[in-house]
Structure formats: structure tokens, C-alpha cells
Amino acid sequence: QLQLVESGGGLVQPGGSLRLSCAASGFTFDYYAIGWFRQAPGKGREGVSCISSSGLSTSYADSVKGRFTISRDNARNTVYLQMSSLNPEDTAVYYCAAVSRRTTCVMTGAPPITGEYDYWGQGTQVTVSS
């Protein structure tokens with residue numbers, strides 16, 4: 001059974017950092033591209049970043065470019081999202097998602113698109129507040 005589990009969320013002060021993890025199980029992890037998304041209260045789900053199955057290609061939304069870094073460790077079946085210089089606008093539930101096909105994000109450098117991903121985690125809450 002394919003499963004994605006996010007962790008690492010929490011409460012952080014503005015300017016602080018967090019590292020989110022997305023642990024995968026039940027499938028051949030290194031065949032899958034991974035995307036990070038977020039959903040703030042009252043808003044739609046937004047693509048944040050993606051990484052190709054090999055880890056060689058990454059992409060970011062403009063709102064997080066230069067502050068967030070996505071990486072993966074295929075030996076540990078885990079993708080990370082290192083977030084720094086956090087601000088209150090980053091407050092959201094963060095989700096990771098997986099797909100075995102090539103995605104627009106990986107091919108063009110655009111932010112990940114929700115509808116292109118097949119498998120989703122349950123999300124982890126990130127709150128940026130003083």
C-alpha cells in the first residue's frame with residue numbers, strides 16, 4: 001500500500017526555519033517525482049516545489065524561491081523541504097504528493113500542479129507567528 005507521511009511541521013517565529021520530511025513506503029520510491037503543496041485557511045492548494053525522481057531537477061514557486069530548498073534521499077525513501085526566512089504568509093498545511101509520470105513542474109520549471117499528482121500524504125501544519 002503506497003503511503004506518504006509528512007512530518008516536521010510546527011510553530012515557528014517569523015524569520016525562523018523548519019525542515020519538513022515526506023517519508024514514502026509501499027512503492028519504488030526512486031521511480032516517482034515528488035511535489036510539495038500547501039493550503040492556507042480559506043485558500044486553495046498551492047504548488048510550492050517539486051523534485052524529479054532522480055533528484056536532478058527541482059522547481060519552486062516564486063513565493064518561496066531563494067528561501068525553500070527541496071531535496072531527496074532515495075536510500076531513505078524521503079524527500080525534504082528545508083524552509084528558511086519564514087513569514088506569516090507561509091502558514092499553511094503542507095502536503096507532499098507523488099507521481100510516476102513526468103510532470104510539468106519537472107519539465108518546465110513551473111510550480112507543481114495539483115492535478116498531476118496521484119498520491120498524497122495527510123499533511124503537516126506549519127504556523128509562522130510571533
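Helices (H or I, at least four residues) and strands (E, at least two) are DSSP runs, numbered from the N terminus. The model is a predicted one, in which local features need pLDDT of at least 70 and side-chain atom pairs count only at pLDDT 80 or more, while totals for chains, interfaces and linings use all residues. Residues are numbered from 1 along each chain as its sequence is written, and side-chain values use heavy atoms, with hydrogens and water left out.

**View A. Ser-52 in the loop between β5 and β6.** Ser-52 lies in the loop that links β5 to β6 (58-60). Its relative accessible area is 8%, so Ser-52 is buried (buried means under 20% relative accessible area, exposed over 50%, partly exposed in between; 1.4 Å probe, protein chains only). Apart from neighbours within four places in sequence, Ser-52 is in contact (heavy atoms within 4.5 Å) with Tyr-32, Ala-33, Ser-57, Arg-72 and Val-106.

**View B. Ala-75 in the loop between β7 and β8.** Ala-75 is found in the loop between β7 and β8. Ala-75 counts as exposed because its relative accessibility is 76%. The C-alpha atom of Ala-75 is 9.0 Å from that of Phe-29, and the two residues are 46 apart along the chain.

View C. Strands pair if DSSP finds at least two bridges between them. Strand β3 (residues 18-25) pairs with β1 (residues 3-7) in the antiparallel sense over 5 bridges, and Ser-7 stands opposite Ser-21 in β3. Strands β3 and β8 (residues 78-83) also run antiparallel, joined by 6 bridges. In this pairing Ser-21 stands opposite Tyr-80.

**View D. The nonpolar cores.** A nonpolar core is a set of buried Ala, Val, Leu, Ile, Met, Phe, Trp, Tyr and Cys residues joined through side-chain atoms within 4.5 Å. The largest has 29 residues, and those with the most contacts inside it are Trp-36, Phe-68, Val-79, Leu-81, Met-83 and Tyr-94. Strands that each supply at least two residues of this core include β4 (33-39), β5 (45-51), β7 (68-73) and β9 (92-99). A second, separate core of 7 residues includes Ala-33, Phe-37, Val-99 and Cys-105.

**View E. Surroundings of Met-83.** Not counting residues up to four places away in sequence, Met-83 touches Gly-16, Ser-17, Leu-18, Leu-20, Arg-67, Phe-68, Tyr-94 and Val-126.
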